[in-house]
Amino acid sequence: MARTSLLAALLPLCTALLAPKTQLHRIKPTRAVVNYEVEAGGEARATPLSDDFDGAVQDAANGLLGAIQDGSLKLRLDFDTSMGDETYTKLKLSLEFARDVAIEWALSMEEDENLVLFFPDAGAAALARQEWKMDDLDEAEVPPNVRVKAFPRDRLDPDDRAVFALCPRAPERDAVEELVNTCEETLRPVALLNPYLVDMGTTGYGMAGRLFKERFVDALEPCYYLRTLEWGALARTYPRPYSVWRQCGLDEDVEGGYAFVKNFFSQPNDEVLEELFDEVYGTNTGGPTDEADGGGGNLFDGIGKFIDAFQKL
């Protein structure tokens, strides 16, 4: 019996040791069939792509503060560099970005005005408080007027003058809507980072989900948007339009490694982006072609190394 138990305990270890090593595949660069028309003056009006993480944070802060200055009280920021990889939660991928944007926001406020960061739950709020050393004023990574709270129980205090809700999910939908309504009634700016408030399990995609989207989600001003695509990126910084940029091939002499494609004055959906991909890369006439040298380049060498690094945090 003891020998059988020992073998049973060792079997998973042996399996792990004998398992093949995970292969990391690098995406080959592709050459665009440049037969699409670029609008005259489009690149001058476009949202530029920053070439590092700090630049992206500054772009987000500028868009956020600019929208607030123009009178917007209900805002959203979307920072999605996952390309569909759900290995980590949105909160995990967004935390450093959220912290740095919060620093810029808090520094723009008066010292006696608090910026409150609302987390999806009390555990996440407590962990951020610990990691950011907020209990030690000398070591704290955020300004002293930054506070952390959590859905669904925490409420605003009188000196809480702005709210930053981090990655709120569908289960927090009612609490988020109540908080945003309170902020609107008391003229407090509130921004939602990577909100995911409509899903099949909680709200459904039927009439209730559509009504909530129209009533609440669509009323948020998108002041910053960055989404990486397998062939480029979609970006928007208030008040500029949504701009699509493509990754350049190794044989294209383009500064920065990415080229402007098109502007949109509302957020393009996946179908529109797929059609644009077909137009840019000529997939109807054979699809993207590998570079002549056949080398495996990093997809994001051209459109900002901060994205590749951020995915590994």
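Analyst: Let's start with P152, which is found in the loop between β4 (146-150) and β5 (160-166). A cis peptide bond joins F151 to P152, with omega at about 0°. Keep in mind that this is a predicted model.

User: Where is P239, and what kind of peptide bond leads from Y238 to P239?

Analyst: P239 is found in the loop between β8 and β9 (242-247). The bond from Y238 to P239 is cis, with omega near 5°.

User: How do you know how far to trust the model, going by pLDDT?

Analyst: The mean pLDDT of the protein is 80, and 73% of its residues reach 70 or more. Over residues 1-30 the pLDDT is below 50, and this stretch has 23 contacts in the model beyond near neighbours in sequence. Over residues 284-313 the pLDDT is also below 50, with 82 contacts counted in that way. Where pLDDT is low, the predicted coordinates should not be read in detail.

User: What makes C167 buried or exposed?

Analyst: Its relative accessible area is 4%. The cut-off for buried is under 20%, so C167 is buried. C167 lies in the loop between β5 and α6 (173-185), and its phi is near 50°, a positive value in a residue other than glycine.

User: What about L187, buried or exposed?

Analyst: L187 has a relative accessible area of 61%. Exposed means over 50%, so L187 is exposed. L187 is in the loop between α6 and β6, and has a positive phi of about 60° although it is not a glycine.

User: How many disulfides does a search of the whole structure find?

Analyst: The search finds 0 disulfides. To count, a pair of cysteine sulfur atoms would have to be within 2.5 Å. As for another cysteine, C248 has 7% relative accessibility, which is under the 20% limit, so C248 counts as buried.

User: Why is strand β2 called largely enclosed?

Analyst: Because 6 of the 7 residues of β2 (residues 74-80) are buried. Strand β2 also has partners: 4 bridges join it to β6 (residues 190-193), and 6 bridges join it to β7 (residues 221-229). Both pairings are parallel.

User: How do you know that β2 is paired with β6 and β7?

Analyst: Pairing takes at least two bridges. With 4 bridges to β6 and 6 to β7, strand β2 passes on both counts. For example, L75 has A191 as its bridge partner in β6, and D78 stands opposite Y225 in β7.

User: What makes R173 and D174 a salt bridge?

Analyst: Their side chains meet at 3.3 Å, N to O. The limit is 4 Å, so the pair qualifies. R173, at 21% relative accessibility, is partly exposed, whereas D174, at 54%, is exposed.

User: How many salt bridges are there by this rule?

Analyst: The count comes to 14. Among them is the one between D218 and K213, at 3.0 Å, N to O. D218 is partly exposed at 44%, and K213 is partly exposed too, at 42%.

User: Which residue does E221 meet in a salt bridge, and how far apart in the chain are the two?

Analyst: E221 meets R236, at 3.4 Å, N to O. The pair links distant parts of the chain: E221 is in β7 and R236 in β8 (residues 232-237), 15 residues apart. E221 is partly exposed at 24%, whereas R236 is buried at 10%.

User: Which residues have the most contacts inside the largest nonpolar core?

Analyst: They are L77, L117, F119 and F164, in a core of 48 residues. Helix α4 (residues 90-107) gives the largest share of this core, 9 residues. Beyond its neighbours within four places in sequence, F119 is in contact with residues including L91, L95, W132, V148 and L166. Another core, of 19 residues, lies apart from the largest one, with F151, V176, C183 and F216 among its members.

How values were computed: Residues numbered from 1 in each chain as written. Heavy atoms only, no water. Buried < 20%, exposed > 50% of the residue type's maximum accessible area, 1.4 Å probe, protein only. Core = buried A, V, L, I, M, F, W, Y, C linked by side-chain atoms within 4.5 Å. Contact = heavy atoms within 4.5 Å. pLDDT = per-residue confidence, 0-100.
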